[in-house]
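Please look over the sequence and the model below before reading on. The report that follows takes up the architecture and then some individual residues.

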Amino acid sequence: MDIWKPIDKILTPVLVLALRDDSEGFRVLVEEGVPGGKLYKFLFDSVVSYRSIPESFSTNSTPQITTEEWPFFVSRQTDYIDWFIKKNNGVMDVDGVIHYAIWAYDDCVDVLAFSEPTVECLIDNLDNLGF
């Protein structure tokens, strides 16, 4: 997987605070894992598949770079894409799908989507996130 830079700078490690999938799209809420760290909302609108695996159970697909260095990765060719194509049985055209990965301190979130998500820095407190 290659490094993906949806944000120019982020303090690592990051934490995944929430995942939400509804009519507005699939969203991942990520927080910098330091006191007073920023909150980011990743909004995917063309998702074909996603998964969230606790970091302690994810051993065979860890990127070469550690999550302490950078938590976001992207690739057009991964085992996850291959698995989805096999399970899809040709029902959906997945040509051009991209694998986005958020490797947090405690979770590994993988998203297959046709386009890059929008990323918004949320500066309000947790009560006013609009998540």
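## A hairpin and its surroundings

In the hairpin formed by β3 and β4, where six residues lie between the two strands, Gly 36 adopts a positive phi near 75°. Strands here are DSSP runs of E of at least two residues and helices are runs of H or I of at least four residues, both numbered from the N terminus, and two strands are said to pair if DSSP finds at least two bridges between them. The model is a predicted one, in which local features need pLDDT of at least 70 and side-chain atom pairs count only at pLDDT 80 or more, while totals for chains, interfaces and linings use all residues. Residues are numbered from 1 along each chain as its sequence is written, and side-chain values use heavy atoms, with hydrogens and water left out.

| Strand pair | Bridges | Sense |
|---|---|---|
| β5 and β8 | seven bridges | antiparallel |

## The open sheet and its helix

The protein chain has one helix and nine strands, which follow the pattern β-β-β-β-β-β-α-β-β-β along the sequence. Five of the strands form an open sheet with antiparallel pairing, in the order β1-β6-β7-β8-β5. Its edge strands, each pairing on one side only, are β1 (2-3) and β5 (47-54). Strand β5 is joined to β8 (residues 107-113) by seven bridges, and Tyr 50 has Val 111 in β8 as its bridge partner.

Helix α1 (residues 79-88) packs on this sheet, touching β5, β6 (72-75), β7 (98-103) and β8, and its direction makes about 125° with that of β5; axes are lines fitted to C-alpha atoms, for helices over the stretch in contact, and angles run from 0 to 180 degrees between N-to-C directions. Within α1, Tyr 80, Ile 81, Phe 84 and Asn 88 are buried. They cover an arc of only 100° around the axis, which puts them on the same side of α1, the arc being that of the directions from the helix axis to the C-beta atoms. An α-helix has 3.6 residues a turn, so residues three or four places apart point the same way. The cover over the buried residues of α1 includes β5, β6, β7 and β8, whereas the face turned away from the buried side carries the exposed residues Asp 79 and Lys 86. After α1 comes Asn 89, which has a positive phi near 50°.

Which residues does Thr 78 contact, leaving aside its neighbours within four places in sequence? They are Met 1 and His 99, where contact means heavy atoms within 4.5 Å. Thr 78 lies in the loop between β6 and α1 and counts as buried at 10% relative accessibility. The side chain of Thr 78 makes a polar contact with that of His 99 at 2.8 Å; such a contact is a pair of N or O atoms within 3.5 Å, and within protein one must be able to donate a hydrogen and the other to accept it, while residues adjacent in sequence count only if both atoms are side-chain atoms. The C-alpha atoms of Thr 78 and His 99 are separated by 7.3 Å, with the two residues 21 apart along the chain.

Elsewhere, a cis peptide bond with omega of about 0° joins Thr 12 and Pro 13, and Pro 13 is found in the loop between β1 and β2 (14-22).

Methods. Buried < 20%, exposed > 50% of the residue type's maximum accessible area, 1.4 Å probe, protein only.
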